[in-house]
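Please keep the sequence and the model in view while reading.

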Amino acid sequence: MKTKYNSADLTAFAVMLIPTIYLAFNYSAMPKDIPIHFNLHGADGYGVKSTSWLFIIIMMFGSFSVYSYLKNIPSIDPKRTAESSTSMIKKISFLVVIFISAFQVIAINAMKGNVFSILTFLLPAVSIFFSLIGNLMNNLQPNYFIGIRVPWALQDETNWRETHRFG
């Protein structure tokens, strides 16, 4: 199977690289021990500075994996139900990439010692992400890969729409 990359894919890959570039520019400004775990009151776990690269690699791999999976859903769907929602799936996959990259930038800021950024920006970022995903889910056609895939919603398109509107 030959995969073709278009400008949207290249844009998504560029967005995936933003946190890596941001970390490279800010790495020297980071303290020797960086916060690596947070709770509602701030940092409660610390690690060595080089841990930040492992964090970025794991998150970028996760972002790439989710993007690739979502991009290829129409081609791996045995019942071809996802083909009718290709444009929505592309929007959802790009939104996931943006969210993961924004999360990485917020976490790098917190690793630099700006714990205020993770406490202030993470909750609104997650709220906006879920609001946008919920808005896009309302326009998805019934499929077996994305959405609330309970049997009664998959059997009836009206039930699918009502389930997603409620969700």
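## Helix α4 and the basis of the model

Helix α4 has 26 residues and reaches 37 Å from its first C-alpha to its last, close to the 38 Å expected at 1.5 Å a residue. The expected span of a helix is 1.5 Å times one less than its number of residues. Just after α4, glycine 113 takes a positive phi of about 115°.

This is a predicted model, in which local features need pLDDT of at least 70 and side-chain atom pairs count only at pLDDT 80 or more, while totals for chains, interfaces and linings use all residues. Residues are numbered from 1 along each chain as its sequence is written, and side-chain values use heavy atoms, with hydrogens and water left out.

## Overall fold

The protein chain has 7 helices and 2 strands. From the N terminus on, the order of elements is α-β-β-α-α-α-α-α-α. Helices (H or I, at least four residues) and strands (E, at least two) are DSSP runs, numbered from the N terminus. Along its principal axes the C-alpha trace spans about 55 × 40 × 20 Å.

Of the 167 residues of the protein chain, 35% count as buried; buried means under 20% relative accessible area, exposed over 50%, and partly exposed in between (1.4 Å probe, protein chains only). Among contacts (heavy atoms within 4.5 Å) with a separation of 6 or more, residues 24 or more positions apart account for 59%.

## Nonpolar cores

A nonpolar core is a set of buried Ala, Val, Leu, Ile, Met, Phe, Trp, Tyr and Cys residues joined through side-chain atoms within 4.5 Å. The largest such core has 18 residues, of which Ile92, Leu140 and Ile146 touch the most other members. The elements that give two or more residues to this core are α4 (86–111) and α5 (115–137). The largest share, 7 residues, comes from α4.

Apart from this core lies another, of 8 residues, among them Leu23, Met30, Ile34 and Ile108. Leucine 140, a member of the largest core, touches Ser85, Met88, Ile89, Ile92, Ile146, Trp160 and Arg161, not counting residues up to four places away in sequence.

## Helices α1 and α2

Helix α2 (residues 51–71) has 21 residues and reaches 30 Å from its first C-alpha to its last, close to the 30 Å expected at 1.5 Å a residue. Its buried residues are Ser52, Phe55, Ile56, Ser63, Tyr67, Ser68 and Leu70. These buried residues pack against α1, β1 (33–39), β2 (42–48), α3 (73–76) and α4.

Aspartate 9 lies in helix α1 (residues 7–26). Is aspartate 9 buried or exposed? Aspartate 9 counts as buried because its relative accessible area is 3%. Not counting residues up to four places away in sequence, aspartate 9 touches Lys4, Tyr67 and Lys71.

## Isoleucine 148

Isoleucine 148 is found in the loop between α5 and α6 (151–155). With a relative accessible area of 34%, isoleucine 148 is partly exposed. Not counting residues up to four places away in sequence, isoleucine 148 touches Ala153, Trp160, Thr163, His164 and Gly167. The C-alpha atoms of isoleucine 148 and arginine 161, 13 residues apart along the chain, are separated by 10.0 Å.
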